[in-house]
Amino acid sequence: MALPSLEERDLLIPLAEGIRQDPMWDTFLARLRQRTQATWACLLVRMVPTAHLPPITRVAAERPGLPDPDFEALSDLGLIPYAALRPGRVYALEEMLDFSQEGLADRQRTALKAAGIAHARFIRVASRAQNSAWIVLLSERRPFDAEDSALLSALAPHFAVALDTLGELGACSLRRAMAEQALGLLGIGQVALDREGRVVLADELAREVLDAQPGARLVSAPAPAAELAAACAELARSPASARRVARLDPSRGIDLLLRPLPAPMGTAVAAIGTIRLPQPRQSRARSEVLASLLSLSAREAALAEAMSRGATILEAGEALRLTPETARNYSKRAYAKAGVTGQADLVRKVLTGLAPLA
């Protein structure tokens with residue numbers, strides 16, 4: 001069944017927009033319930049086994065205060081055999097009744113009556129990425145007809161696309177969060193700029209340090225703003241290996257390393273800017289990771305961590321209230337355990353390992 005223009009406007013647009021709606025697909029379900037005159041329009045979504053998207057259950061009810069159906073109880077009675085439903089096929093309530101066990105169908109009817117459910121339509125939607133959804137229409141009074149079943153059949157392929165879009169958006173959001181967190185632990189922030197040096201997008205650290213707001217410039221002084229815009233415009237025409245440095249705030253030691261967008265993405269972005277902040281002072285977490293990775297004692301790890309931030313052996317020892325002789329002994333033991341030949345080699349091993357990400 002092809003969707004007429006009315007359903008395309010009233011159902012498909014909310015279906016697409018519902019991915020970002022809170023609660024998700026609220027408008028779509030409300031309109032589907034109104035269109036079919038159901039007492040409840042229900043949606044149950046199970047994405048492929050990934051941690052970034054929890055199961056989703058949504059219900060649109062005919063009137064405020066009407067209790068939601070107890071899907072767990074109905075499923076336990078075999079009235080919603082989720083996995084057994086063939087994708088794309090519309091099922092009626094009568095098909096869910098199970099006469100294979102004596103008395104089971106009577107118990108099912110009793111549960112349906114207690115829940116106020118007299119009629120139902122079910123459809124399972126399975127996407128290419130193996131995500132699944134069940135659209136369920138339940139009614140206290142009005143029987144569903146062939147037009148309602150045809151509408152569910154027509155909506156199924158569109159909902160399958162919406163499911164995979166939801167999965168991709170969730171995965172992208174998770175990847176972005178992981179990348180931003182790792183870069184933030186290293187004191188790295190990034191901002192995307194257009195040809196005029198205006199902010200297109202910025203991560204949390206860049207927003208905080210640079211006050212990077214979409215559509216605004218990073219600096220207000222005319223000369224630096226013009227220089228940044230010129231660098232961005234040049235990088236938009238440059239090969240991927242090109243690099244430029246912009247001095248944003250010499251007083252705070254904040255510089256911006258600019259590079260072209262890695263590949264054309266159909267956006268207004270001309271350049272990606274990266275800032276790097278100094279590591280904070282002492283970090284117990286970094287010391288603990290160092291101790292675990294290199295089999296160091298707590299004091300040896302703390303000394304190595306301080307040295308990795310530029311302190312001399314004596315300065316690091318003084319901060320840890322060690323005598324110069326004790327600090328030197330700890331450093332020698334740290335060198336031996338780490339398999340390095342001196343302070344420079346130890347610092348290299350620390351900075352290229354996992355400790356800075358702790």
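Q: Which helices are included in what covers the buried residues of H9?
A: Let's start inside this predicted model, with helix H9, residues 298-308. What covers them includes helix H8 (284-294), helix H10 (313-319), helix H11 (324-338) and H12.

Q: How many of the 11 residues of helix H9 are buried?
A: A residue counts as buried when its relative accessible area is under 20%. In H9 the buried residues include Glu-300, Leu-303, Glu-305 and Met-307. The helix is largely enclosed by the rest of the structure, because the number of its 11 residues that are buried is nine.

Q: Which residue with a positive phi follows H9?
A: Helix H9 spans residues 298-308. After it comes a glycine whose phi is positive, near 105°. That residue is Gly-310.

Q: Which residue meets Arg-286 in a salt bridge?
A: Arg-286 sits in helix H8, and its partner sits in helix H9, 19 residues apart from it. Both residues of the pair are buried. The N to O distance is 2.6 Å, and the partner is Glu-305.

Q: What is the distance in space between Thr-326 and Val-161, C-alpha to C-alpha?
A: Thr-326 is another residue of helix H11, and at 28% relative accessibility it counts as partly exposed. In sequence, Thr-326 and Val-161 are 165 residues apart. In space, their C-alpha atoms are apart by 65 Å.

Q: What is the span of helix H4 from its first C-alpha to its last?
A: Now let's visit H4, which covers residues 104-115 and has 12 residues. At 1.5 Å a residue, the expected value is 16 Å. The helix comes close to that, reaching 17 Å.

Q: Within what arc do the buried residues of H4 fall?
A: The buried residues of this helix are Leu-104, Ala-105, Gln-108 and Leu-112. Picture yourself looking down the axis of H4: these residues line one face of the helix, because they fall within an arc of 95°.

Q: Which helix do the buried residues of H4 pack against?
A: H4 has two sides to consider. The face turned away from its buried side carries the exposed residues Thr-110, Lys-113 and Ala-114. The buried residues, Leu-104, Ala-105, Gln-108 and Leu-112, pack against helix H3 (71-76).

Q: Which residue with a positive phi follows H4?
A: H4 ends at residue 115. The residue that follows has a positive phi, near 80°. It is Gly-116.

Q: How many residues apart are Glu-147 and Arg-35?
A: The side chains of these two residues meet in a salt bridge of 2.8 Å, N to O. Glu-147 is in helix H5 (residues 146-185) and Arg-35 is in helix H2 (residues 26-36). Glu-147 counts as partly exposed at 45% relative accessibility, and Arg-35 is partly exposed at 24%. The pair links distant parts of the chain, and the separation is 112 residues.

Q: Which residue forms a salt bridge with Glu-234?
A: Glu-234 lies in helix H7 (residues 222-235) and its partner in strand E8 (residues 244-249), so the pair ties together parts that are 10 residues apart in sequence. The closest N and O atoms are 2.4 Å apart, and the partner is Arg-244.

Q: How many salt bridges does the count come to?
A: Some salt bridges share partners: Glu-62, Arg-63, Glu-140 and Arg-141 are joined in this way into one network. A pair counts when a side-chain nitrogen of Lys or Arg is within 4 Å of a carboxyl oxygen of Asp or Glu. By this rule the count of salt bridges is 18.

Q: What is the area of the nonpolar surface patch that includes Leu-357?
A: Leu-357 lies in the segment after helix H12 (343-351), and at 33% relative accessibility it counts as partly exposed. Leu-185, Leu-293 and Leu-354 make the patch together with Leu-357. Its area is about 340 Å².

Methods
Residues are numbered from 1 along each chain as its sequence is written. This is a predicted model: local features need pLDDT of at least 70, side-chain atom pairs count only at pLDDT 80 or more; totals for chains, interfaces and linings use all residues. Side-chain values use heavy atoms; hydrogens and water are left out. Helices (H or I, at least four residues) and strands (E, at least two) are DSSP runs, numbered from the N terminus. The expected span of a helix is 1.5 Å times one less than its number of residues. Buried means under 20% relative accessible area, exposed over 50%, partly exposed in between (1.4 Å probe, protein chains only). The arc is that of the directions from the helix axis to the C-beta atoms. Contact means heavy atoms within 4.5 Å. Patches are made of residues with over 30% relative accessible area and no salt bridge: like charges are joined within 9 Å, nonpolar side chains (Val, Leu, Ile, Met, Phe, Trp, Tyr) within 5 Å. Accessible areas come from the Shrake-Rupley method with a 1.4 Å probe; for residues, only the protein chains shown count as cover.
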